[in-house]
Amino acid sequence: MNLRTAAFGISCLVSLNIHAGVINNGDFETGDFSGWNTDIDFGDFGGNDFSVLNAEGNNIAAIQIDAFSTPGDFSSTPLTDGFFVNTLSQGLDLSGALGSTFELSFDLAGLSEATSAVDGFFAESYLVGLSNAAGEFFGADGSFGSFLTEGEIDGLFEESFSFDLAESFTNASDWTLEIQLFSGADPLTGFTDSFFSTLFVDNVALTEVALDTPPTNVSAPSAFALLGLGLAGLAFRRNTSK
């Protein structure tokens with residue numbers, strides 16, 4: 001697995017043979033989830049589990065879970081529908097030239113209502129991976145697992161990621177990119193801490209790369225504007241509390 005974060009720059013592979021648009025609406029600039037599937041594990045009853053927010057002119061997908069009208073109070077009114085996990089997914093077009101591979105890149109950010117400084121805090125976690133028709137998860141190297149496994153949201157983070165997919169994925173069918181946000185819960189009681197978290201997603205791209213093309217290091221642009229993210233999170237809380 002080849003993981004590079006924005007702190008060190010994304011290593012981009014350049015090819016003369018590139019398929020454009022293999023990720024549909026990867027930057028969410030349509031203002032909605034066109035091309036994507038949104039799955040709420042407990043049924044969609046009109047909550048705000050998925051939204052597309054505009055942060056300083058840039059549309060960003062937001063997945064939220066574990067929101068309550070009174071923060072930290074499990075007995076108050078739930079503002080999101082997901083009980084365990086919310087999933088954003090899209091089927092992948094991995095058709096390519098013989099010997100080519102694919103690079104998958106995306107920007108993630110997280111914002112939690114509470115942090116580990118709060119008593120009883122249980123961090124929400126996120127996972128990114130490829131699933132097959134049987135629902136099994138795989139990492140970039142083609143083995144069982146995921147790209148990012150149960151990363152925790154504790155306050156605010158933002159990173160850009162890039163993965164080189166194994167050659168075995170090229171021209172394989174029935175693969176789906178899944179981005180999941182899990183509710184944090186007490187392992188003994190199973191109850192949530194009732195503080196919400198949001199996972200922001202942007203600039204999801206899948207690029208075909210000619211085999212043995214040398215990487216060219218370029219500086220990675222900032223994934224998100226922190227001020228915009230903060231305002232987006234606050235706006236979400238105000239909207240769902242009405």
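# A guided tour of the predicted chain

Begin by selecting Phe42, Phe45, Phe83 and Phe84, which make a nonpolar surface patch of about 530 Å². Patches are built from residues with over 30% relative accessible area and no salt bridge, where like charges are joined within 9 Å and nonpolar side chains (Val, Leu, Ile, Met, Phe, Trp, Tyr) within 5 Å. A salt bridge is a side-chain nitrogen of Lys or Arg within 4 Å of a carboxyl oxygen of Asp or Glu. Accessible areas come from the Shrake-Rupley method with a 1.4 Å probe, and for residues only the protein chains shown count as cover.

The model is predicted: local features need pLDDT of at least 70, side-chain atom pairs count only at pLDDT 80 or more, and totals for chains, interfaces and linings use all residues. Residues are numbered from 1 along each chain as its sequence is written, and side-chain values use heavy atoms, with hydrogens and water left out.

Phe83 sits in the loop between strand 4 (58–65) and strand 5 (85–91); helices (H or I, at least four residues) and strands (E, at least two) are DSSP runs, numbered from the N terminus. Its relative accessibility is 54%, so Phe83 counts as exposed. Here buried means under 20% relative accessible area, exposed over 50%, and partly exposed in between (1.4 Å probe, protein chains only).

**The whole chain**

Zoom out and colour by secondary structure. The chain holds one helix and 13 strands, and from the N terminus on the order is β-β-β-β-β-β-β-β-β-β-β-β-β-α. Of the 242 residues, 50% are buried. The chain exposes about 11200 Å², of which carbon and sulfur atoms supply 55%. Among contacts (heavy atoms within 4.5 Å) between residues at least 6 apart in sequence, 79% join residues at least 24 apart.

**Aromatic pairs**

Next, display the aromatic side chains. Rings of Phe, Tyr and Trp (its six-membered ring) pair if their centres lie within 6.5 Å; planes under 30 degrees apart count as stacked, over 60 as edge-to-face and the rest as tilted. By this rule there are 13 aromatic pairs. Select Phe33 and Phe50: their ring centres are 6.1 Å apart and their planes stand at 85 degrees, so this pair is edge-to-face. Phe33 belongs to the loop between strand 1 (11–13) and strand 2 (37–40), Phe50 to strand 3 (residues 50–55), and the two are 17 residues apart. Both Phe33 and Phe50 are buried.

Now move to Tyr126 and Phe157, whose ring centres are 5.3 Å apart with planes at 15 degrees, so the pair is stacked. Tyr126 is in strand 7 (residues 124–131) and Phe157 in strand 10 (residues 156–164), so this pair ties together parts that are 31 residues apart in sequence. Both Tyr126 and Phe157 are buried.

From Phe50, follow strand 3 into strand 4. The two strands run antiparallel and are joined by six bridges; strands pair if DSSP finds at least two bridges between them. Asn54 stands opposite Asn59 in strand 4. The two strands form a hairpin with two residues between them, and Glu56 in the turn has a positive phi of about 55 degrees.

**Two further positive phi angles**

Most residues other than glycine have a negative phi. Asp174 lies in the loop between strand 10 and strand 11 (176–182) and is exposed, with a relative accessible area of 55%.

Then select Ser194, also not a glycine, with a positive phi of about 70 degrees. Ser194 is placed in the loop between strand 11 and strand 12 (197–209) and is buried, at 1% relative accessible area. Leaving aside neighbours within four places in sequence, Ser194 is in contact with Asp66, Phe68, Pro71, Gly72, Asp73, Phe74 and Glu113.

**From Ser194 to Pro78**

Finish at Pro78. The C-alpha atoms of Pro78 and Ser194 are 8.8 Å apart in space, although the residues are 116 apart in sequence. Pro78 occupies the loop between strand 4 and strand 5 and is exposed, with a relative accessible area of 51%. Beyond neighbours within four places in sequence, Pro78 is in contact with Ala67 and Phe68.
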